[in-house]
Amino acid sequence: MESMIFSHCLCHGMGKLVELYQGELIPSRAFANGGIHEAIENYEDVVFYEILAEELALRDLDGESLTRENYGALMERIDAYLDEFDEHGTEHISIDLDE
């Protein structure tokens, strides 16, 4: 069970928290020595930007729910937002309070 849980670290950019031992993934020394806090912060950042990208993409589609018909357009917009966040973070996000 532990190996399965720690395998998720690899696909979420937290490879430093696992190591291979006798063919199974186990918590690394970095994890055991407090690396989990850094990993949690990185995970929270990734999740924040993914949720923000999805919400903005849905907004751009006038709040439509995800359907088979709009899946491609939604994913394209999500990817565009994620690319923007990767390059500039939230630097280019602004709101107009005069509306």
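This is a predicted model: local features need pLDDT of at least 70, side-chain atom pairs count only at pLDDT 80 or more; totals for chains, interfaces and linings use all residues.

Asn70 is placed in the loop between α2 and α3. Helices here are DSSP runs of H or I with at least four residues, strands are runs of E with at least two, and both are numbered from the N terminus. With a relative accessibility of 7%, Asn70 counts as buried. The cut-offs are these: buried is under 20% relative accessible area, exposed is over 50%, and partly exposed is in between, with a 1.4 Å probe and protein chains only. Leaving aside residues up to four places away in sequence, Asn70 touches Leu61, Glu64 and Ser65, where contact means heavy atoms within 4.5 Å.

Residues are numbered from 1 along each chain as its sequence is written, and side-chain values use heavy atoms, with hydrogens and water left out.

The loop between α2 and α3 also holds Asp62. Asp62 is not a glycine, yet its phi is positive, at about 60 degrees. Its relative accessibility of 71% places Asp62 in the exposed class.

Gln22 sits in the loop between β1 (18–21) and β2 (24–27), and at 70% relative accessibility it counts as exposed.

In the loop between β2 and α2 we find Ser28. Is Ser28 buried or exposed? At 4% relative accessibility, Ser28 is buried. Not counting residues up to four places away in sequence, its contacts are Lys16, Leu17, Val18 and Glu19.

Let me turn to the aromatic residues. A pair of aromatic rings is described by the distance of the centres and the angle of the planes. Rings of Phe, Tyr and Trp (for Trp, the six-membered ring) pair if their centres lie within 6.5 Å; planes under 30 degrees apart count as stacked, over 60 as edge-to-face, and the rest as tilted. How many aromatic pairs does a search of the whole structure find? The search finds three.

One of them joins Tyr49 and Phe85, a tilted pair with 5.2 Å from centre to centre and 40 degrees between the planes. Tyr49 belongs to helix α2 (residues 29–60) and Phe85 to helix α3 (residues 71–88), so this pair ties together parts that are 36 residues apart in sequence. The two partners fall into these classes: Tyr49 is partly exposed at 24% relative accessibility, whereas Phe85 is buried, with a relative accessible area of 6%.

Phe85 also pairs with Tyr81: the ring centres are 6.2 Å apart and the planes are at 25 degrees, so the pair is stacked. Tyr81 and Phe85 are four residues apart in helix α3 and are therefore separated by about one helical turn. Tyr81 is buried, its relative accessible area being 18%. Phe48, Tyr49, Tyr81 and Phe85 form one aromatic cluster.

The C-alpha atoms of Ile5 and Asn42, which are 37 residues apart along the chain, are separated by 17 Å.

Finally, the chain as a whole. The protein chain has three helices and two strands, and from the N terminus on these elements run α-β-β-α-α. Why is the chain described as more spread out than a compact globule? Its radius of gyration is 18 Å, well over the 13 Å that the globule rule gives for 99 residues. That radius is taken over C-alpha atoms, and the rule is 2.2 Å times the number of residues to the power 0.38. Along its principal axes, the C-alpha trace spans about 55 × 35 × 20 Å.

Of the 99 residues, 20% are buried. Among contacts with a separation of 6 or more, residues 24 or more positions apart account for 31%. As for charge, the chain has 5 positive and 24 negative side chains, and the centres of the two sets lie 7 Å apart. Lys and Arg count as positive and Asp and Glu as negative, with His and the chain ends not counted; the place of a charge is NZ of Lys, CZ of Arg, CG of Asp or CD of Glu.

Thank you for your attention.
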